[in-house]
Amino acid sequence: MTKADIVAKISEKLGMEKGEVQATVETFMSEVKTSLEGGDNVYLRGFGSFIIKTRAEKTGRNISKNTTIKIPAHNIPAFKPAKVFVEGVKTNVEVK
């Protein structure tokens, strides 16, 4: 499912203009991104959390030059689904 599909479904279910729904979805994503970039996690009860994970410093290898490189510690955005969400997927989605 793409962002356009989500906009179309919400528009159909709520009877709103696609342009309004598009603006709402874009604003939501922008606010989540802004919050994470500001160091704040976003908690959506019953859905999940957009969180910041810290990756520790580690040693990697540059295979083409056969050298060791240091990868510094850094933060990455992550999504942690709520238990209800996880259980719904476990029980309703067939294993492929």
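## Exercises on strands, burial and overall form

Ser 49 is buried, with a relative accessible area of 14%; buried means under 20% relative accessible area, exposed over 50%, and partly exposed in between (1.4 Å probe, protein chains only). The model is predicted: local features need pLDDT of at least 70, side-chain atom pairs count only at pLDDT 80 or more, and totals for chains, interfaces and linings use all residues. Residues are numbered from 1 along each chain as its sequence is written, and side-chain values use heavy atoms, with hydrogens and water left out.

**Exercise 1.** Find the strand that holds Ser 49, and list the residues in contact with Ser 49 beyond four places in sequence.

*Solution.* Step 1: Ser 49 belongs to strand S2, residues 48-55. Helices (H or I, at least four residues) and strands (E, at least two) are DSSP runs, numbered from the N terminus.
Step 1: Contact means heavy atoms within 4.5 Å. Apart from neighbours within four places in sequence, Ser 49 touches Val 42, Tyr 43, Ala 78, Phe 79 and Lys 80.
Step 2: Ser 49 counts as buried because its relative accessible area is 14%.

**Exercise 2.** Determine how S2 pairs with S1 and with S5.

*Solution.* Step 1: Two strands pair if DSSP finds at least two bridges between them.
Step 1: Strand S1 (residues 42-44) is joined to S2 by 3 bridges, in the antiparallel sense. Val 42 has Phe 50 as its bridge partner in S2.
Step 2: The hairpin of S1 and S2 has 3 residues between the strands, and Gly 46 in the turn has a positive phi of about 85°.
Step 3: Strand S5 (residues 74-81) also pairs with S2 in the antiparallel sense, over 8 bridges. The partner of Gly 48 in S5 is Pro 81.

**Exercise 3.** Describe the pairing of S3 with S4 and the setting of Asn 66.

*Solution.* Step 1: Strands S3 (residues 58-62) and S4 (residues 67-71) run antiparallel and are joined by 5 bridges.
Step 1: Asn 66 lies in the loop between S3 and S4, and has a positive phi of about 55° although it is not a glycine.
Step 2: Asn 66 is classed as exposed because its relative accessible area is 57%.

**Exercise 4.** Give the order of the elements and compare the radius of gyration with that of a compact globule.

*Solution.* Step 1: There are 3 helices and 5 strands. Starting at the N terminus, the order is α-α-β-β-β-β-β-α.
Step 1: The radius of gyration is taken over C-alpha atoms, and the globule rule is 2.2 Å times the number of residues to the power 0.38. For a compact globule of 96 residues the value would be near 12 Å, but the protein has 19 Å.
Step 2: Along the principal axes, the C-alpha atoms fill a box of roughly 60 × 35 × 30 Å.
Step 3: Of the 96 residues, 15% count as buried. Among contacts with a separation of 6 or more, 28% are between residues 24 or more positions apart.
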